[in-house]
Amino acid sequence: MEQDKNIENIRHSLSHIMAQAVLELYPKIPTTKSSKIHDGKAIGTKLGMGPAIENGFYYDFALPAEALSVAKGEGGSDKFLQKIEEKMKELVLQNQKFIKKNITKLAAKKLFKDQPYKLELIKDLPGKTVSIYTNTGCLQKFVDLCKGPHVKNTNEINPKAFKLTKIAGAYWKGSEKNKMLTRIYGLAFSTEKELQDYIKMQEEAEKRDHRKLGQKLELYMFHETAPGMAYWLPKGLIIFNELVNFWRAEHQKEGYQEIKSPLINKKELYQISGHWDHYKENMFVSETEEGEIYGLKPMNCPNAMVVYDSRPRSYKELPLRLSDSDTLHRFEKSGTLNGLLRVREFSQDDAHIFVKEEQIEEEYNRILAIIKKFYSIFNIEYSFRLGTRPKDFMGDAKSWSKAEDALKNILEKSGKKYTIEKRDGAFYGPKIDILMKDSIGRDWQMGTIQLDFQIPKKFNLKYIDVDGKAKTPVVIHRVIYGSLERFIGILTEHLIGAFPVWLAPVQTVVIPISEKHDNYASEIVKQLKENNIRVELKNENETLGKKIREAEMQKIPYLLIAGDKEISTKTVSIRERGKGDVGTMAIDKFIEKIREEIKNKK
RNA sequence: GCCGUUUUAGCUUAGUGGUAAAGCAACGGUUUCGUAAACCGUAGACGCAAGUUCGAUUCUUGCAAGCGGCUCCA
């Protein structure tokens with residue numbers, strides 16, 4: 001534990017050392033016109049903030065234009081980082097001491113008079129004094145506004161156990177409205193081995209990348225003429241359809257009714273729902289020759305409301321569960337697209353449930369049970385997150401609090417750990433999200449359950465209650481997979497492409513040992529096909545070893561090998577994925593076994 | 001969208017101011033094989049558009065798409 005604490009200090013201290021290095025390398029650079037892009041003054045490097053983060057640290061700088069041109073010039077940003085890294089090593093080896101001191105804000109303002117971002121931070125800090133850290137034992141003293149803690153001496157830092165990795169832009173204080181600073185990221189560990197192990201691990205993780213596996217296994221692809229929109233290749237579409245079929249069957253059992261609605265709607269529909277005001281910049285919009293404005297649907301809710309409102313509804317119909325899996329389009333910013341994980345065209349396994357207020361909790365529990373069932377089949381780890389009222393919210397604060405309390409209550413009772421993300425709700429209501437990690441450890445929102453008191457009011461939805469009075473239902477928006485695209489992307493990474501038999505695009509491959517065995521192999525293929533098993537015949541003119549290798553690399557669950565021995569005993573030799581040769585079996589016995597596995601979603 | 005970065009054959013990569021090398025895959029042939037790569041041969045590429053230059057895949061600029069961040073993410 002002590003160790004853990006010190007690595008935090010090491011990382012944080014390294015961010016100070018990096019700032020010190022950058023200041024020494026680019027101290028006072030004469031003002032030029034072009035350098036005004038930074039802060040209007042551009043006399044040297046300006047410091048933003050520099051915390052420790054998971055696995056390392058970063059620091060944000062407003063670099064003078066000259067420093068940036070160095071970064072882009074001689075050898076690019078790699079050389080630039082190398083130069084800073086070398087300087088940092090030099091500073092670390094000076095055995096600098098980190099000394100903390102509390103000073104008045106007034107004194108701090110004087111001290112940081114050339115650092116506008118520090119001045120802004122000082123202004124925002126509570127209290128009359130602030131703490132600063134001074135590095136001594138070096139040629140040029142370095143002072144930073146910081147609450148610490150730090151290492152006592154840089155001799156606690158192993159100069160071989162850190163490495164600068166990348167340059168990125170980052171908005172000051174995380175707001176797009178502010179200036180973009182240059183953020184330099186570094187990795188840092190206690191020992192050189194830990195650093196090397198981490199780098200190796202990341203390289204390994206890249207092999208699980210769904211974009212690489214998708215190409216290798218011919219599941220999906222992208223084309224530059226449709227950025228952010230996947231092409232589903234035959235094998236990938238099998239997975240997609242199997243997931244949808246499973247989803248459909250399960251939801252029919254749970255009392256859901258599936259609908260399908262227009263993909264393009266007049267803007268008036270989105271004006272009613274509120275999306276036109278809150279979401280227009282993320283919609284694909286087109287205009288007809290007559291000047292009619294249409295939007296490509298970015299979510300299913302408004303259409304579900306129209307279906308609900310198509311006739312009078314009774315309290316006896318509630319909860320009314322309308323599901324659909326239509327294709328949605330969202331004009332996501334170009335820089336946010338990410339393989340299948342963030343796309344512009346996708347299908348949600350959506351449903352809108354119309355309930356009376358007193359039915360919310362029970363319905364949530366039903367949904368949580370569905371989630372549990374689905375996610376345990378795939379055996380993937382997930383966590384819950386509660387998103388509360390955003391800044392740009394619709395309706396009144398009071399009904400929001402009520403809804404948030406209801407969700408919190410449900411999560412508490414579920415017993416599963418959850419986090420709260422403030423202001424992360426949808427504009428119409430709070431939500432519970434399911435998060436899953438990708439191969440390099442990033443969190444992605446998968447399923448979500450959202451409570452909505454607003455949109456039913458917008459559409460003036462009613463049901464006639466037992467007392468004969470018209471009342472407005474509450475809507476629960478919910479997805480289990482999240483989107484088929486993102487789910488398949490994450491699933492591909494977690495399984496490293498080795499899909500369970502029921503999802504595997506090719507479930508078995510039959511390999512005749514030589515040409516003589518082709519007829520027998522074809523006969524087996526025919527039998528498997530008659531039993532609805534996805535099978536391929538691998539009878540190319542290649543060696544057995546080669547054909548096995550290719551099938552293994554395609555992550556096929558079962559390879560059936562047929563030669564003289566098998567013909568004489570009317571069997572096949574079975575090679576199971578990950579297990580190798582598991583012996584021979586009569587063909588109908590194998591069919592029985594694999595059908596059982598498919599049925600049980602193994 | 002912003003910052004950084006990448007783009008050479010179907011895939012993975014090499015390389016150069018005088019239009020490019022290889023492995024796998026593909027195709028043709030030889031071989032008919034017992035549990036993760038048989039052998040021989042053939043064909044195939046510098047993301048797009050301008051500029052500089054006698055000449056650009058290489059240098060410059062712009063654009064597009066991908067990747068890592070930031071912001072965003074109903």
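Student: How many of the nine residues of strand β8 (residues 180–188) are buried?

Tutor: This is a predicted model, in which local features need pLDDT of at least 70 and side-chain atom pairs count only at pLDDT 80 or more, while totals for chains, interfaces and linings use all residues. Residues are numbered from 1 along each chain as its sequence is written, and chains are lettered from A and ligands numbered from 1 in the order in which they are written. A residue is buried if 20 or more other C-beta atoms lie within 10 Å of its own, exposed if 12 or fewer, and partly exposed in between, with C-beta atoms placed from the backbone. Strand β8 is largely enclosed by the rest of the structure, because the number of its nine residues that are buried is seven.

Student: Which residue of β8 is the bridge partner of L164?

Tutor: Strands are DSSP runs of E with at least two residues, helices are runs of H or I with at least four, and both are numbered from the N terminus. Two strands pair if DSSP finds at least two bridges between them. Strand β7 (residues 162–171) pairs with β8 in the antiparallel sense over nine bridges, and within β8 the partner of L164 is G186.

Student: Over how many bridges do strand β3 (residues 56–62) and β8 pair?

Tutor: In β8, G186 is the bridge partner of F57. The pairing of β3 with β8 is antiparallel, and its bridges number six.

Student: What percentage of the 602 residues in chain A is buried?

Tutor: The secondary structure of chain A comes to 20 helices and 30 strands, and its C-alpha trace spans about 85 × 75 × 55 Å along the principal axes. Of the 602 residues in chain A, the buried share is 36%.

Student: How far apart are the C-alpha centres of domain 2 and domain 3?

Tutor: Chain A is divided into domain 1 (2–205), domain 2 (211–495) and domain 3 (508–599), with bounds from an automatic or database domain assignment. Between the C-alpha centres of domain 2 and domain 3 the distance is 41 Å.
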